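Here is a short report on a two-chain complex. It covers confidence, the contact between the chains, salt bridges and backbone geometry.

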Amino acid sequence: MVIKGGEVIFNTVHLPESWKLSTYVANGGYAALRKILSEKTSAETIIAEVKKSALRGRGGAGFPTGLKWSFMPRHFDGDKYLVCNSDEGEPGTFKDRDIMQLNPHALIEGMAIAAYTLGTRRGYNYIHGEIWETYERMEAAVEEAKAAGFLGDNICGTDFSFHLFNHHGYGAYICGEETALLESIEGKKGQPRFKPPFPASFGLYGKPTTINNTETFASIPYIIREGGQKFLELGKPNNGGTKLFSVSGHVNRPGNFEVPMGTPFAELLEMAGGIRDGHTFKACIPGGSSTPVLPAEIMMQCTMDYDSIAKAGSALGAGSVIIMDETVCMVKALERLSYFYFEESCGQCTPCREGTGWLYRVIHRIEHGQGRPEDLDLLSDVAHNIGGRTICGLGDAAAMPVQAMLKHYRHEFEHHIEHGKCMV
Amino acid sequence: MLSPDSIAQIDYEIAKYPVNQRQSAVMSALRIAQVEKGWLSTETMDFVADYLGMPAIAVYEVATFYNMYNTAPLGRHKITLCTNISCALMGAPEIAEHLKEKLGCGFGETSEDNRFTLKEGECMGACGDAPLCMINNHRMEGFLTPEKVDSILEELK
Ligand code: FES
């Protein structure tokens, strides 16, 4: 797998043992934390800097980070928590694993800065269950940071204290949803909570909590060290910074690529070695499995940022680019995705629990030559009746790919139904 | 009952959470118990419940909600193959066929010699290494080919 270094997060990946504290510090690491502690920078100043950077949540929703931080009650007596969502399980997404693997201290420093800003003394990093080696790496990095005085009591000799702990998941996609993740840290089934109340007022253990994605936190040290303006200028207005793009599927060189926001998709594809040899580009899922699929022609016109992909009718999501060549049967691809949402639905809300099963079974029968002419309308109807009617976004995530597939590749579904077999 | 070593590991996890929140360590406690025992029997789960001061039913709920817990006995090694989209595009179906043929069992089943249990998994967040599998939950092997699968099976006695 290819790793392409960049300015903000993968700035040291070319060095041996980039994950070591010594490597991090030798390359400007923990300078931002030291600076705000010694200058006693106010929380307002830090939040203003983050707002200026136009950093948007890297977990998929793209919510402005500075704004999210400003929701946290500043003057609150009692415990408050900071949580990192490293539970990346959206098919096609594998960037947070490499951040923790290759530059764990950027995450730790980012969390420490956030904790200082938001007045939290305790934080948890929730790590996806299937990546045990990464959990071990994070455990070691936290120990290193503690020993060096960057975590724990009286950080850098000041009165600021922050305790960070890793929490290891054990296989549940739904825990990537922030309130399910909180339930999971509390030692329960990961079932999403009703919102409101939002975590900023009622979060972990019922206390005010701020949750950000791994990549979001890992971008913070750069913003504080170099300034929000510089980060913003790396990308484009409203889409600040660089971003990690995970490219998988039918390319010659899959991997993680740190590139400026707004990089043309065609360039990213080229970095990934282009479509695998001897094949042609058919379609792309640009932001992880729940974002709508886009045909190659449309995708080739896009730049990689929130606004461009949204305009094309999909979403940048977590930057998880799944590439499909001409050999892919869209019915089969959708069947697999629908099975995934069916399997991972937590079962709380009827439209999602039952609807994802309906979607899967109908697509399954189309794929297996038993589709009926009315099935396509049935699919749209079921998808439509799940969307917007559930506690969390998993229902929408299951419905969206169906609608997009039917929009762009309806003929493949019709062919399956009519001829009982695939057209590719 | 768990070994003193497992108990020490569980205590380490409990210390990560506020004093009145021992239940937060249940996921780790079950993981640690599973590593020691191979799977989670009712007896083991009851022990964890007692140790953390939780109702037993709350422990069963957790053990059955998350995919990586083994709630029934299984072969000596568990192989979980990701068959989700990126892995599927990169040949997971062929790897699945190969594994089924070699082990003589399907997904969710155990080979006759009791060496392997084969499971179908969802995205493991490592799609750049597709196709891939997890061995006994804590080891990942990527870029699988039939040959690579053979050598992994060979190594796991
Ligand atoms: S699809 Fe197999 S690891 Fe993501």
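## Model and confidence

Chain B has a mean pLDDT of 97, and 100% of its residues reach 70 or more. Here pLDDT is the predictor's confidence in each residue, from 0 to 100. For the complex, the predictor gives an ipTM of 0.97 and a pTM of 0.96.

This is a predicted model: local features need pLDDT of at least 70, side-chain atom pairs count only at pLDDT 80 or more, and totals for chains, interfaces and linings use all residues. Residues are numbered from 1 along each chain as its sequence is written, chains are lettered from A and ligands numbered from 1 in the order in which they are written, and side-chain values use heavy atoms, with hydrogens and water left out.

## The contact between the chains

Chain A brings 57 residues to the contact and chain B brings 43. Contact means heavy atoms within 4.5 Å. Together the two chains bury about 4,100 Å², with 56% of it on carbon and sulfur atoms. Three residues, B:K16, B:I85 and B:L89, supply 16% of the area that chain B buries against chain A, more than any other three residues. Buried area is the accessible area (1.4 Å probe) that two parts lose on being put together, summed over both.

Between the chains there are 25 residue pairs in polar contact, both residues at pLDDT 80 or more. A polar contact is a pair of N or O atoms within 3.5 Å; within protein, one must be able to donate a hydrogen and the other to accept it, and residues adjacent in sequence count only if both atoms are side-chain atoms. Elements of chain B that each supply at least two residues to the side touching chain A include α1 (4-14), α4 (56-65) and β3 (116-121). Helix α2(B) gives the most, with four residues. Helices (H or I, at least four residues) and strands (E, at least two) are DSSP runs, numbered from the N terminus.

## Salt bridges

The structure holds 36 salt bridges over all chains. Four of them run between chain B and chain A. The criterion is a side-chain nitrogen of Lys or Arg within 4 Å of a carboxyl oxygen of Asp or Glu.

B:D129 and A:R97 meet in one such bridge (3.5 Å, N to O). B:D129 is buried at 13% relative accessibility. A:R97 is also buried, at 13%. Buried means under 20% relative accessible area, exposed over 50%, partly exposed in between (1.4 Å probe, protein chains only). A:K189 bridges to B:E61, with the closest N and O atoms 3.9 Å apart. This pair crosses from the loop between α8 and β5 of chain A to helix α4 of chain B. Both ends are partly exposed: A:K189 at 24% and B:E61 at 34%.

Within chain A, A:R193 and A:E183 form a bridge with a closest N and O distance of 2.7 Å. A:R193 lies in the loop between α8 and β5 and A:E183 in helix α8, so the pair ties together parts ten residues apart in sequence. A salt-bridge network links A:R58, A:K95, A:D96, A:E215 and A:K243.

## Backbone geometry

Most residues other than glycine have a negative phi, and most peptide bonds are trans. The bond from A:P196 to A:P197 is cis, with omega near 0°. The bond from B:A130 to B:P131 is cis too, with omega near -5°.

A:N238 has a positive phi of about 70°. B:N136 also has a positive phi, near 50°. B:N136 sits in the loop between β4 and β5 of chain B.
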